[in-house]
Amino acid sequence: MKNHRLILLVDDDADDLMLIQEAILELDGSFLFHEAHDGRHALNYLRSLAEGESYPGLIVLDINMPVLDGREMLAILKSDPALKEIPVVVFSTSSNPSDIEYCNQFKVDLLTKPFDMSRLMEAAGKIISYCH
């Protein structure tokens, strides 16, 4: 069971977390967020959900993080029978073709973090579209 209004944001940059949350909420104020600052924290959160608790409707995942990076977390998510059906979008400063190819093999889109507000709002709209 998924809560389509809950987004798990996994990013080690507090400013990026705040900006994407604000952009999403500006477009649709009904979303809730859980933050994790690395992949290990995110996986611990997901695995701690008690039976009957809803998984997030979407995981927004950065590639470059300490402890357990986005590549490693994505591979773990997609190989775990309990977690593999949660939609994931990678939201990263990386536009490296190898990162895009890596995400594609898991059928996950990589959105590059924009550097201006209008493009951030566009990215937030795309992220919201993965929740439906």
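**View 1. Helices H2 and H3 side by side.** Angles under 35 degrees count as roughly parallel. In this predicted model, helix H2 (residues 39–48) packs against H3 at an angle of about 25°. H2 and H3 are therefore roughly parallel to each other. Their axes lie 9 Å apart. On the H2 side, the contact is made by Gly39, Ala42, Leu43, Leu46 and Arg47. On the H3 side, Met73, Ile76 and Leu77 take part. By class, the residues of this contact divide into six nonpolar, one polar and one charged.

**View 2. Helices H1 and H5 crossing.** Helix H1 spans residues 14–27, and helix H5 spans residues 117–129. The two pack at an angle of about 70°. H1 and H5 are therefore roughly perpendicular to each other. Their axes are 9 Å apart. H1 contributes Leu19, Ile20, Ala23, Ile24, Glu26 and Leu27 to the contact. H5 contributes Leu120, Met121, Ala124, Gly125, Ile127 and Ile128. The contact of H1 with H5 has ten nonpolar residues, one polar and one charged.

**View 3. The five-stranded sheet.** The strands form an open sheet in the order E2-E1-E3-E4-E5. The pairing is parallel. Which strands stand at the edges? Strand E2 (32–36) and strand E5 (109–112) do. Each has a single partner strand, so one side of each is left without a neighbour in the sheet. Direction ignored, neighbouring strands are turned by 30° against each other on average. Helix H5 packs on this sheet. H5 touches E3, strand E4 (88–92) and E5. The direction of H5 makes about 165° with that of E4.

**View 4. Strand E1 and its two partners.** E1 covers residues 2–10 and E3 covers residues 55–61. Six bridges join E1 to E3, and the two strands run parallel. E1 also pairs with E2, in the parallel sense, over five bridges. Leu9 can be followed in both directions. In E3, its bridge partner is Val60. In E2, Leu9 stands opposite Glu35. Val10 stands opposite Leu61 in E3.

**View 5. The salt bridge between Asp28 and Arg5.** A search of the whole structure finds seven salt bridges. One of them joins the side chains of Asp28 and Arg5, at 3.1 Å from N to O. The pair links distant parts of the chain, 23 residues apart. Asp28 lies in the loop between H1 and E2. Arg5 lies in strand E1.

**View 6. The salt bridge between Lys113 and Asp16.** The side chains of Lys113 and Asp16 meet in a salt bridge of 2.7 Å, N to O. Lys113 lies in the loop between E5 and H5, and Asp16 in helix H1, so the pair ties together parts that are 97 residues apart in sequence. The relative accessible area of Lys113 is 6%. That residue, Lys113, is buried. Asp16 is partly exposed, with a relative accessible area of 21%.

View 7. Arg71 forms a salt bridge with Asp99. The closest N and O atoms of the pair are 2.7 Å apart. Which helices does this pair link? Arg71 is in helix H3 (residues 70–79) and Asp99 in helix H4 (residues 97–105). Arg71 is partly exposed, with a relative accessible area of 26%. Asp99 counts as buried, at 8% relative accessibility.

Note on methods: Residues are numbered from 1 along each chain as its sequence is written. This is a predicted model: local features need pLDDT of at least 70, side-chain atom pairs count only at pLDDT 80 or more; totals for chains, interfaces and linings use all residues. Side-chain values use heavy atoms; hydrogens and water are left out. Axes are lines fitted to C-alpha atoms, for helices over the stretch in contact, and angles run from 0 to 180 degrees between N-to-C directions. Helices (H or I, at least four residues) and strands (E, at least two) are DSSP runs, numbered from the N terminus. Angles under 35 degrees count as roughly parallel, over 145 as roughly antiparallel, 65 to 115 as roughly perpendicular and the rest as oblique. Contact means heavy atoms within 4.5 Å. Ala, Val, Leu, Ile, Met, Phe, Trp, Tyr, Cys and Pro count as nonpolar, Asp, Glu, Lys and Arg as charged, and the others, Gly among them, as polar. Two strands pair if DSSP finds at least two bridges between them. A salt bridge is a side-chain nitrogen of Lys or Arg within 4 Å of a carboxyl oxygen of Asp or Glu. Buried means under 20% relative accessible area, exposed over 50%, partly exposed in between (1.4 Å probe, protein chains only).
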